[in-house]
Amino acid sequence: AQTFPLPAALLEILSPVRAQWFRALLQFGNTGTATISYDVLATWTHLAWWFFLAVFAAVLSQALSREAKLPTWLLHFLFALAGLQAMYGIVQTLLPALGVLWDTQAATGQAYKGYARGTFISRNHFAAFLGLLWPVLLAYLLVLKSPRKMERILGDRERAQILVQKKAFGIFCLALVVLALFLSQSRGGILSAMLAFTLLSLFAGLQRKRVAIALTTCWIIMLGYVAVIGFEGLTSRFLHIDQGMAGRVELWKDGWKIVQDHPLTGTGLGTYPEASRAYQNAFGPERRAVHAHNDYLETAAELGLPAACVLIAGIWGLWCRRAFFLWRARATMDPDRLLLAAGSLAALGGYMLHGWVEFNNAIPANHLTAVTMAAFHFHITKQGIIFSSGKAALRKAF
């Protein structure tokens with residue numbers, strides 16, 4: 001609707017500031033049509049991306065629904081992906097000259113030189129990506145049984161030892177992921193990860209002891225690396241957290257001015273970089289921020305307050321509903337699937353909290369990973385309920 005041509009009188013009612021800019025452009029010979037969106041092509045492009053995410057979620061959900069057992073293929077893929085990103089990020093810290101191989105923005109590359117950021121340009125987006133993965137990976141490691149228990153169940157000591165080695169390797173990879181997250185020195189990403197772990201501990205219920213033991217092991221491995229690499233930079237960043245917040249507050253003020261001028265219909269989906277040119281005061285003329293560093297504020301600026309409030313309230317309402325459901329299902333749901341459901345929900349909660357200080361949804365990799373986590377959460381929750389119902393039916397029958 002933001003791309004539909006509108007009569008000038010109607011545009012004046014819906015978005016007076018946009019109508020004012022359109023009249024100014026007519027004086028310079030502009031022959032375009034009056035639309036709510038400041039950039040029709042950008043709006044259609046972003047809408048196509050949203051449509052792709054919806055199709056991807058449907059296809060992934062269908063693929064997962066065909067799995068009678070735990071979808072280990074997806075979890076193994078996430079382990080490999082997170083491990084490779086973490087290793088790349090750690091090497092970037094040890095060899096600051098490495099950077100990101102395809103980073104063509106010299107200024108950005110220098111700004112984040114020496115920080116872990118994997119294949120991402122910004123360390124904050126790298127931290128958000130790892131924050132989406134590590135709670136689920138931790139939950140999966142907890143699902144893997146102990147060697148003695150597996151030997152009793154399988155009756156095969158050799159196979160049980162293979163599973164032990166698999167779990168040990170997983171814990172080592174998870175420790176690398178946590179280390180890379182800290183070496184990114186992203187304060188928002190680290191705090192969000194801690195909140196995600198808190199949520200995982202709460203949802204895990206009786207499994208808290210297992211969660212604490214696994215995470216303690218990861219911390220021991222990570223601290224072993226820290227003893228060699230050092231954490232002086234991270235300590236300094238947290239001690240001077242007010243300096244980083246000052247710049248973000250200025251960006252938020254600029255973004256809020258856009259919302260005030262376009263409260264009903266916004267500037268158009270995906271048009272914040274274009275619209276912000278006329279409002280930015282946070283930096284000098286030589287620098288320009290193309291995002292609000294706040295996903296919620298940027299959404300309000302692009303869609304308008306009514307649509308943004310419905311969207312944001314709907315997403316957070318759904319998350320709270322799932323959290324309440326997991327809390328009630330702790331005693332009846334299959335413990336293994338409860339852990340995985342709690343891990344995925346905690347990861348999504350940390351990601352959405354991080355969105356208050358960052359623009360993670362503007363990064364396709366993070367947006368896609370968040371949708372993947374959501375599809376996995378709904379599948380594993382449904383599977384856990386069916387599994388628990390089946391066990392209850394068997395107990396009743398016998």
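In this predicted model, helix H4 (residues 72-94) and helix H6 approach until their axes come within 10 Å, and they cross at roughly 135 degrees. That angle makes H4 oblique to H6, and the crossing in which H4 passes H6 is left-handed. On the H4 side the contact is made by Thr-72, Leu-75, His-76, Leu-78, Phe-79, Leu-81, Ala-82, Gln-85, Ala-86 and Gly-89, while H6 contributes Phe-126, Phe-129, Leu-130, Leu-133, Val-136, Leu-137, Tyr-140 and Leu-141. Sorted by class, the contact of H4 with H6 holds 14 nonpolar and four polar residues, and no charged ones.

Helix H6 (residues 123-143) also packs against helix H9 (residues 187-204), at an angle of about 20 degrees and with the two axes 9 Å apart. Because angles under 35 degrees count as roughly parallel, H6 is described as roughly parallel to H9. The crossing of H6 and H9 is right-handed. From H6 the contact draws on Ala-127, Trp-134, Pro-135 and Leu-138, and from H9 on Gly-189, Ala-193, Ala-196, Phe-197 and Leu-200. Eight residues of this contact between H6 and H9 are nonpolar, one is polar and none is charged.

A further helix pair is formed by H15 (residues 305-328) and H16, whose axes come within 11 Å and cross at roughly 150 degrees. H15 and H16 are therefore roughly antiparallel to each other, and H15 passes H16 in a left-handed crossing. The residues of H15 that make the contact are Ile-315, Trp-316, Trp-319, Arg-322, Ala-323 and Leu-326, and those of H16 are Leu-338, Ala-341, Ala-342, Leu-345, Leu-348, Gly-349, Met-352 and Leu-353. The contact of H15 with H16 comprises twelve nonpolar residues, one polar residue and one charged residue.

| Helix pair | Angle between axes | Axis distance | Handedness of crossing |
|---|---|---|---|
| H4 and H6 | roughly 135 degrees | within 10 Å | left-handed |
| H6 and H9 | about 20 degrees | 9 Å | right-handed |
| H15 and H16 | roughly 150 degrees | within 11 Å | left-handed |

The largest cavity contains about 70 Å³ of space, and its lining is made up of Ala-127, Ala-128, Gly-131, Leu-132, Gly-189, Ser-192, Ala-193, Ala-196, Ala-347, Gly-350, Tyr-351 and His-354. Helices H6, H9 and H16 (335-354) each supply at least two residues of this lining. Ala-127, Gly-189, Ala-193 and Ala-196, which belong to the lining of the largest cavity, are also among the residues through which H6 and H9 make their contact. Seven residues of the lining of the largest cavity are nonpolar, five are polar and none is charged.

The second largest cavity has a volume of about 50 Å³, and it is lined by Leu-251, Asp-254, Ile-258, Tyr-272, Ser-276, Tyr-279, Gln-280, Ala-289, His-291 and Ala-292. Helix H12 (residues 241-261) gives the most to the lining of the second largest cavity, with three residues. In that lining six residues are nonpolar, three are polar and one is charged.

How values were computed. Residues numbered from 1 in each chain as written. Predicted model: local features only at pLDDT ≥ 70, side-chain atom pairs only at ≥ 80, totals over all residues. Heavy atoms only, no water. Axes fitted to C-alpha atoms, helices over the stretch in contact; angles between N-to-C directions. Helix = DSSP H or I, 4+ residues; strand = E, 2+ residues; numbered from the N terminus. Parallel < 35°, antiparallel > 145°, perpendicular 65-115°, else oblique. Left-handed = near helix turned anticlockwise from the far one by under 90°. Contact = heavy atoms within 4.5 Å. Nonpolar A, V, L, I, M, F, W, Y, C, P; charged D, E, K, R; others polar. 1 Å grid on protein atoms, 1.4 Å probe; cavity = no way out; pocket = protein on both sides within 12 Å on 5 of 7 lines; lining within 4 Å. Points joined across faces, edges and corners; volume = space filled by probe spheres on them.
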